[in-house]
Amino acid sequence: MSNIDVVTRRTTKTKPKIERPKLHKVILVNDDFTPRDFVVMILKAEFRMTEEQAYKVMLTAHQRGVCVVAVFTRDVAETKATRATDAGRAKGYPLLFTTEPEE
Ligand code: TYC
């Protein structure tokens with residue numbers, strides 16, 4: 001290719017916009033019926049918490065009404081909240097985990 005053939009192309013560079021997926025909180029809701037030990041057991045099993053972490057989260061929900069358990073992408077948060085709520089329901093407890101998007 002000789003120099004005379006060299007053409008200048010206009011290139012429009014579009015910067016790919018990679019958005020961070022919004023994180024969602026899993027929230028533990030207090031009730032008057034689910035045994036404390038059962039709440040701790042579910043927190044350990046579903047959210048991979050230590051006994052100490054799970055106890056603190058359970059106690060915060062017990063005293064304040066709700067406690068943020070952890071944050072995940074929406075799918076993971078919803079799946080974990082549903083599984084944990086269903087585990088309570090299977091034993092006849094009204095244990096409830098909800099999700100909400102982080103600001
Ligand atoms: N309040 C329950 C009790 O006194 C224990 C409990 C704690 C239940 C937290 C739910 O999210 C909860 N047995």
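Author: What follows is a set of questions and answers about this chain.

Author: Two ground rules come before the questions. Residues are numbered from 1 along each chain as its sequence is written. The model is predicted, so to speak of local features takes pLDDT of at least 70, side-chain atom pairs count only at pLDDT 80 or more, and totals for chains, interfaces and linings use all residues.

Reader: What makes up the secondary structure of the chain?

Author: You'll find three helices and three strands, in the order β-α-α-β-α-β from the N terminus. Both kinds are DSSP runs numbered from the N terminus: helices are H or I with at least four residues, strands are E with at least two.

Reader: Why is R64 called exposed?

Author: Count C-beta atoms, placed from the backbone: with 20 or more others within 10 Å a residue is buried, with 12 or fewer it is exposed, and in between it is partly exposed. R64, in helix α2, has 9 such neighbours inside 10 Å, so R64 counts as exposed.

Reader: And what makes V68 partly exposed?

Author: V68 belongs to strand β2. It has 14 other C-beta atoms within 10 Å, and therefore V68 is partly exposed. Leaving aside neighbours within four places in sequence, V68 is in contact with K25 and I27; contact means that the C-beta atoms, placed from the backbone, lie within 7 Å.

Reader: How many residues of the chain are buried, as a percentage?

Author: Buried residues make up 20% of the 103.

Reader: What makes a nonpolar core, and which of its residues touch the most other members?

Author: A core is a set of buried Ala, Val, Leu, Ile, Met, Phe, Trp, Tyr and Cys residues joined through C-beta atoms within 7 Å. The largest one has 17 residues, and V26, V39, L43, V57, M58 and V69 touch the most other members. Two or more residues each come from β1, α1, α2, β2 (66-73) and α3 (74-90). In soluble globular proteins, nonpolar side chains tend to be buried together.

Reader: Which residues is V57 in contact with, leaving aside neighbours within four places in sequence?

Author: They are L28, L43, M49, C67 and V69.

Reader: How do you know which strands β1 is joined to?

Author: Strands pair if DSSP finds at least two bridges between them. β1 and β2 have seven and run antiparallel, with V29 partnered by V66. β1 and β3 (residues 96-101) have six bridges and also run antiparallel; there V26 stands opposite T99.

Reader: Which residues lie on the covered face of β1?

Author: The covered face has H24, V26 and L28, while L23, K25, I27 and V29 are on the uncovered one. In a regular strand the side chains alternate between the two faces of the sheet.

Technical notes:
Contact = placed C-beta atoms within 7 Å.
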